[in-house]
Amino acid sequence: MQVNEYFDGNVTSIAFENGEGRATSGVMSVGEYEFGTSEKELMKIVSGKLEAKLPGEPGFRAYPGGTEFNVDANQKFQVRVIEPTAYLCFYS
C-alpha cells in the first residue's frame with residue numbers, strides 16, 4: 001500500500017492492488033480540485049457529496065454517496081467537494 005497526499009493534504013488516498021486490479025481509496029476535504037488521468041478511471045463516491053465537471057460536459061453535475069462516474073485516459077476533470085467525501089477509484 002502507498003499513501004498519497006495532494007492539494008496540501010486536502011486529498012489523501014491509499015493505493016492498493018488485489019485480484020480485481022489496481023485501486024485507490026481516499027477522502028477529500030471541502031474545496032475545488034482539478035485532476036488529470038493517465039489511464040481510464042471509475043470513481044465511486046462512497047460517502048459525502050461532490051460536483052464534477054467531466055470532459056466534454058457543459059457544466060458541473062452532482063455526485064452524492066452511492067453514485068459513480070468514468071473518466072477516460074489522458075483527460076482532466078474538475079471537482080467541487082460540497083462536504084467531506086470518501087471515494088474508491090478503480091483503474092483500467
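Is lysine 44 buried, partly exposed or exposed, and at what relative accessibility? The answer is given in point 4, with the salt bridge that this residue forms. The model under review is predicted.

1. Nonpolar core. The largest nonpolar core comprises 17 residues, and Met28, Leu50, Phe69 and Val79 have the most contacts inside it. Two or more residues each are contributed by strand 4 (31-36), strand 5 (41-53), strand 7 (68-71) and strand 8 (76-91). Strand 8 supplies the largest share, five residues.

2. Surroundings of valine 79. Apart from neighbours within four places in sequence, valine 79 contacts Met28, Gly31, Glu32, Tyr33, Phe35, Leu50, Glu51, Ala52 and Phe60. Met28 and Leu50, listed here as partners of valine 79, are also among the core residues with the most contacts. Glu51, another of these partners, takes part in a salt bridge with arginine 80, described in point 5.

3. Arginine 22 and glutamate 39. The structure holds three salt bridges. In one of them, arginine 22 pairs with glutamate 39, and the closest N and O atoms are 2.2 Å apart. Arginine 22 belongs to strand 3 (residues 21-28) and glutamate 39 to the loop between strand 4 and strand 5, so the bridge ties together parts 17 residues apart in sequence. Arginine 22 is partly exposed at 36% relative accessibility, and glutamate 39 is likewise partly exposed, at 23%.

4. Lysine 44 and glutamate 68. Lysine 44 counts as partly exposed, because its relative accessibility is 33%. Its side chain meets that of glutamate 68 in a salt bridge, with an N to O distance of 4.0 Å. Since lysine 44 lies in strand 5 and glutamate 68 in strand 7, the pair ties together parts that are 24 residues apart in sequence. Glutamate 68 is also partly exposed, with a relative accessible area of 44%.

5. Glutamate 51 and arginine 80. The side chains of these two residues form a salt bridge at 3.0 Å, N to O. Glutamate 51 is in strand 5 and arginine 80 in strand 8, so this bridge ties together parts 29 residues apart in sequence. Glutamate 51 has a relative accessible area of 22% and is partly exposed; arginine 80, at 28%, is partly exposed as well.

6. Nonpolar surface. Met1, Val3 and Ile14 make a nonpolar surface patch of about 370 Å². Valine 3 is classed as exposed because its relative accessible area is 58%.

How values were computed. Residues are numbered from 1 along each chain as its sequence is written. This is a predicted model: local features need pLDDT of at least 70, side-chain atom pairs count only at pLDDT 80 or more; totals for chains, interfaces and linings use all residues. Side-chain values use heavy atoms; hydrogens and water are left out. Patches are made of residues with over 30% relative accessible area and no salt bridge: like charges are joined within 9 Å, nonpolar side chains (Val, Leu, Ile, Met, Phe, Trp, Tyr) within 5 Å. Accessible areas come from the Shrake-Rupley method with a 1.4 Å probe; for residues, only the protein chains shown count as cover. Buried means under 20% relative accessible area, exposed over 50%, partly exposed in between (1.4 Å probe, protein chains only). A nonpolar core is a set of buried Ala, Val, Leu, Ile, Met, Phe, Trp, Tyr and Cys residues joined through side-chain atoms within 4.5 Å. Helices (H or I, at least four residues) and strands (E, at least two) are DSSP runs, numbered from the N terminus. Contact means heavy atoms within 4.5 Å.
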